[in-house]
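Work through the exercises below with the sequence and the model open. Try each task before reading its solution.

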Amino acid sequence: FFPKEVEIIEVGPRDGLQNEPEPIPAEKKKELIAQLAKVGIKRMETASFVHPKWVPQMADSEEIATYCNQLGITYIALTPNMKALDRAIEVKAPQIAVFIGASNEFNKRNINKTTAESLNECEDMFSVAKKHSMFIRAYVSMAFTCPFQGSVSFEDVKFVVDRFVRLGADEIDIGDTNGQADPKIVYERFARLKDLYPEVTFVGHFHDTSKLALANVIAAMQAGVTKFDSSVGGLGGCPYSPGATGNVATEDLVKMLSKMGIKTGIDYNELLNVSPYAKSLSTRV
Ligand code: HMG
Ligand code: MG
């Protein structure tokens, strides 16, 4: 089974750049966003209202979000807590993303709370976000393995997914944060999730550390997933996931899908011109 159409959500301006050690001028980030919008990308992650001390590169997220509003694009802003949600509401971000680790150890390092504490904070956040008609993306990070905890069981993942479903997330994004998943576990986990929650929209978010991200996309599609995150130029990595490299490269994903006759709405040849610009912003690729 392969879908006729897939939605690609570009995460380069957020996941791709968040870990860059040197400050990238906001003007350059805006240029990247504008170029991505031009090649047919309909939705992207561009802002992250995390603490600027924890992730300095994202400190200009208000300015970037304001620019995205002016461009009129649909963008997602990361909101780890209520303070972040307030900032997202202030700039009128249309979509937010909460991100919680299936691994408790990762969650404490990444957002300074246990998984259970973070889920509790989500109760209020979801109800406030819904009052503001925001679309809610909910990430389950380290959904396959974790560099701190080791193995992550399906039950660990289900525990977080279950709460997100009950809270009414608009989509649930399953993250291979450290890029260690393989097609077998990806197929099995997505197939079980689709079985347990047939009404839920799941997204695949694969980091390419083991060079298996494209294979993981194939496995997830076979389990019925039709939405994937990717990062132009393969940029990225989470600062609290040591050694993890970027997301699957958008151009590789678009090329593979178009060879398979699966529509993405993205112009591959034009996208190829954006990739060198994206890479020029990074010291890591
Ligand atoms: P904390 O230090 O525990 O926060 O950080 P706190 O609630 O204890 O508050 C301490 C101070 O920070 C207070 O200020 C707050 O107001 C302030 P004070 O009263 O002392 O002056 N504060 C904030 N300021 C600005 N924005 C905020 C905010 N929150 C509190 N949002 C926090 C908790 C969650 C903020 C911190 O841990 C954080 O920013 N973590 C973000 C880590 C991160 O960005 N990681 C990368 C993204 S996740 C990822 O990449 C994975 C993903 O791609 C999916 C995948 O690959 O699986 C999404
Ligand atoms: Mg990520």
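## Exercise 1: Overall fold

Task: find what share of the contacts in the chain with a separation of 6 or more comes from residues 24 or more positions apart.

Solution. The share is 74%. Two residues are in contact if their C-beta atoms, placed from the backbone, lie within 7 Å. The model is predicted: local features need pLDDT of at least 70, side-chain atom pairs count only at pLDDT 80 or more, and totals for chains, interfaces and linings use all residues. Residues are numbered from 1 along each chain as its sequence is written, while chains are lettered from A and ligands numbered from 1 in the order in which they are written.

Next, take the dimensions. The C-alpha trace spans about 40 × 40 × 35 Å along its principal axes. For 285 residues, a compact globule would have a radius of gyration near 19 Å; the chain has 17 Å, which agrees. That radius is taken over C-alpha atoms, and the globule rule is 2.2 Å times the number of residues to the power 0.38.

Then count elements. The chain has 11 helices and 10 strands. These are DSSP runs numbered from the N terminus: helices are H or I with at least four residues, strands E with at least two.

## Exercise 2: Burial and core

Task: state what percentage of the chain counts as buried, then find the residues with the most contacts inside the largest nonpolar core.

Solution. Start with the cut-offs. A residue is buried if 20 or more other C-beta atoms, placed from the backbone, lie within 10 Å of its own, exposed if 12 or fewer, and partly exposed in between. By this rule, 51% of the 285 residues are buried.

Now the core. A nonpolar core is a set of buried Ala, Val, Leu, Ile, Met, Phe, Trp, Tyr and Cys residues joined through C-beta atoms within 7 Å. The largest has 83 residues, and Ala77, Ile96, Val98 and Val140 have the most contacts inside it. Leaving out residues up to four places away in sequence, Ile96 touches residues including Ile76, Leu85, Met134 and Ile136.

## Exercise 3: Strand β5

Solution. Six of the seven residues of β5 are buried.

## Exercise 4: The ligand shell

Task: describe the shell around ligand 1 by element and by class.

Solution. A residue is near the ligand if its C-beta atom, placed from the backbone, lies within 6 Å of it. There are 24 residues around ligand 1; Val50, Asn112, Ser141, Gly175 and Cys238 come nearest. Elements α4 (82-90), α5 (104-111) and β5 (135-141) each supply at least two shell residues. By class, 12 are nonpolar, 10 polar and two charged. Here Ala, Val, Leu, Ile, Met, Phe, Trp, Tyr, Cys and Pro count as nonpolar, Asp, Glu, Lys and Arg as charged, and the others, Gly among them, as polar.

## Exercise 5: Positive phi

Task: locate Lys92 and Ser133, and decide whether each is buried or exposed.

Solution. Most residues other than glycine have a negative phi. Lys92 has phi near 65° and lies in the loop between α4 and β4. Lys92 is exposed, because 12 other C-beta atoms lie within 10 Å. Ser133 has phi of about 55° and sits in the loop between α6 (115-131) and β5.
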